[in-house]
Amino acid sequence: MYSESNEKKLDEIISHYPVKRSAILPALYIAQEENGYVTDDDIKYLAKRLDMRINEVEEVVTFYTMYSRKPIGKYKLQVCRTVSCMLLGAEQITEHISRKLGCKLGETTPDGRFTLVEVECLGYCDLAPVLQVNFDYHEKINTESLDKIIEGLK
Amino acid sequence: MTKVLTSRFDLKGKACDIDVYLKTGGYQALEKAFKELTPEKILEEVKKSALRGRGGAGFPTGMKWGFVPKESKRPKYLINNADESEPGTGKDRDLMRYDPHQMIEGMIIAAYTLGANVSYIYIRGEYWYIKEILEKAIAQAYQRGYLGKKILGSGFDHDMYVHPGAGAYICGEETALLESLEGKRGHPRLKPPFPAVVGLYGGPTIVNNVETLAAVPWIILNGGDAYRALGTEKSGGTKLYTVSGHVNRPGNYEVPLGYPLMNLINEECGGIPGGRKLKAVIPGGSSVPIINAAEAGKCNMDYESVAAVGSMLGSGGVIVMDESTDIFETTRNITHFYMHESCGWCTPCREGTRWLYKVFDRMKRYEGRPGDIELLYDLADKILFKSFCPLGDAAAMPVQSAIDKFRDDFDRRIKYDLVQIHKAAD
Ligand SMILES: Cc1cc2nc3c(=O)[nH]c(=O)nc-3n(C[C@H](O)[C@H](O)[C@H](O)COP(=O)(O)O)c2cc1C
Ligand code: SF4
């Protein structure tokens, strides 16, 4: 499941800490990149690799919002809903995407391309409203720029 | 105005390259610290500077560093808190993406002062591209001998790593951060012992905010007294504010401590759009009490003056709201944030934030019951100072202050006759 280059990356990360377990958060990102979500096999494998129990890994995965235990769309559209973005129309942004894609909050489009979610503050308050697509930030968005962003995601 | 933190912001990221950084005075403070000063002397300068922690609590930095024992059986650590998740705050983001070396230089000086051979930058996972910028900058610093073994020919070794968080506001709280860095859920630890004595892997650990550490090189180059002189007597230096919401030019602005809030809004940010009037300001990130226009009018931005109008400087996230804003709605939004981010460890916060939101939610649908406003107030009271960590307080204070100051916006959701009118208008 782990390619040779990922194994190398993991070894490098583990070497940063006196305790292997400290590598769990960065390691989970590598795992998630493979399938788009964290699989049961990933959890078993990482437990062995980082000297953790399976439930200890599971406990970490479910605590942090950036990991998913279920398959999600290729593009995760994350609309910031918190106060500064809200003041500048975050709700309308969510509605617009929802209508455009025909998918409700928390849902994935049938073609598996998009998952729409609302997230809490993304640290772009002065550049509100903001949308994060996977790891890419799009700042000061409006309905027009949104259409372009979404059409650009193939 | 003197720019301590943002002097390279105009280069729009070119200073990420170490050569540009060096050409603009970079790593000179480090040279000075290693060649002319001792750790004792550095600590003295930082104490003199009256620099206070910029992560939210405003604790004097020099005093905090002084808590670290000189001798320790376990390794000492320095942690740069780059979790930046306080609603209204996006300043550390620009400090890192426009001038990463400044912060790294500050970290090396801090680590040298404390005798810490390893440091971690704990950065929120969403800032992935900034994590990459930092990793590149750190690699360059190793190449030039500013990191690694025997830095600048001294006997001091230091290694620096970037560690990503994964979407949990609570991990910005320093002890939850330590748990997270140790590979666990981010639940806060009981204090004392404080991290400066028992921290990461049980070793003495200093956690400082990005902005705090980014100010260190200037202090070393120009002296603690010069830094202090930029601000007020008790709050030295400058502060970087993120201004968001209803202003013409939202953004990050560095001004001296003690700068009038209205100048920040009207001059730096070009005032409020459409000539509308100011209604309210949250001066220090969503965790602090809201203030009204009259209070904002007499508020200077330093720790003491903001406290005098009943709020806090916090993280420096200034959220501006004009007269069109419904404070009930903004407070409901903020309550949702704390409900979502409560780590679930203690009952007052875990249950209290949910209950608060439930009441907000029914009031939003104009299904509020008589007594609901008092219920909100009372619920907040049951959370305030009764929770395990300050997140609970941060959830409670905005609710109480909003009710105190903008009662009308809450009443509209309750009073039977008014409810009918507003429901019809919505
Ligand atoms: C719920 C909560 C969240 C926090 N989030 C952050 C944060 O994102 N960044 C930060 O620097 N400090 C944050 N803090 C404050 C830290 O606990 C700590 O006081 C700070 O990092 C110390 O650095 P300083 O002395 O340089 O301010 C938070 C505190 C609490 C209670
Ligand atoms: S106050 Fe909230 S965030 Fe803090 S320990 Fe309790 S449940 Fe967790």
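Predicted model: local features only at pLDDT ≥ 70, side-chain atom pairs only at ≥ 80, totals over all residues.
## Around ligand 2

Ligand 2 sits in the largest cavity. Around ligand 2 there are 13 residues. Those that come nearest are Cys343(B), Trp345(B), Cys346(B), Cys349(B) and Cys389(B). The shell holds nine nonpolar residues and four polar ones. It has no charged residues.

## Cis peptide bonds

In chain A, Ala128(A) and Pro129(A) are joined by a cis peptide bond, with omega about -10°. Pro129(A) belongs to the loop between strand S2 (114-119) and strand S3 (131-133) of chain A.

In chain B, a cis peptide bond links Lys191(B) to Pro192(B), and omega is about -10°. Pro192(B) is in the loop between helix H8 (174-181) and strand S4 (205-209) of chain B.

## Positive phi angles

Asp51(A) is not a glycine, yet its phi is positive, about 55°. The residue is in the loop between helix H3 (40-49) and helix H4 (54-63) of chain A. Asp51(A) is exposed, because its relative accessible area is 58% and the cut-off is over 50%.

Ala50(B) is not a glycine either, and its phi is about 60°. Ala50(B) lies in the loop between helix H3 (39-49) and helix H4 (61-66) of chain B. Its relative accessibility is 12%, so Ala50(B) counts as buried.

## Aromatic pairs

Over all chains, a search of the whole structure finds 28 aromatic pairs. One of them is Tyr29(A) with Phe135(A), a tilted pair at 6.2 Å centre to centre, with 55° between the planes. Tyr29(A) is in helix H2 (residues 24-35) of chain A, and Phe135(A) is in the loop between S3 and strand S4 (136-138), so the pair ties together parts 106 residues apart in sequence. Tyr29(A) counts as buried at 7% relative accessibility. Phe135(A) is partly exposed, at 34%.

Tyr27(B) and Tyr146(B) have ring centres 4.0 Å apart and planes at 5°, so this pair is stacked. Tyr27(B) is in the loop between helix H1 (18-23) and helix H2 (28-35) of chain B, and Tyr146(B) is in the loop between helix H7 (128-143) and strand S3 (159-164) of chain B, so the pair ties together parts 119 residues apart in sequence. Both residues, Tyr27(B) and Tyr146(B), are buried.

One aromatic cluster is formed by Tyr17(A), Tyr77(B), Tyr120(B), Tyr161(B) and Tyr201(B).

Note on methods
Residues numbered from 1 in each chain as written. Chains lettered and ligands numbered in written order. Heavy atoms only, no water. Near = heavy atom within 4 Å. 1 Å grid on protein atoms, 1.4 Å probe; cavity = no way out; pocket = protein on both sides within 12 Å on 5 of 7 lines; lining within 4 Å. Sits in = over half its atoms within 2 Å of the grid points. Nonpolar A, V, L, I, M, F, W, Y, C, P; charged D, E, K, R; others polar. Helix = DSSP H or I, 4+ residues; strand = E, 2+ residues; numbered from the N terminus. Buried < 20%, exposed > 50% of the residue type's maximum accessible area, 1.4 Å probe, protein only. Phe/Tyr/Trp six-rings, centres within 6.5 Å; stacked < 30°, edge-to-face > 60°.
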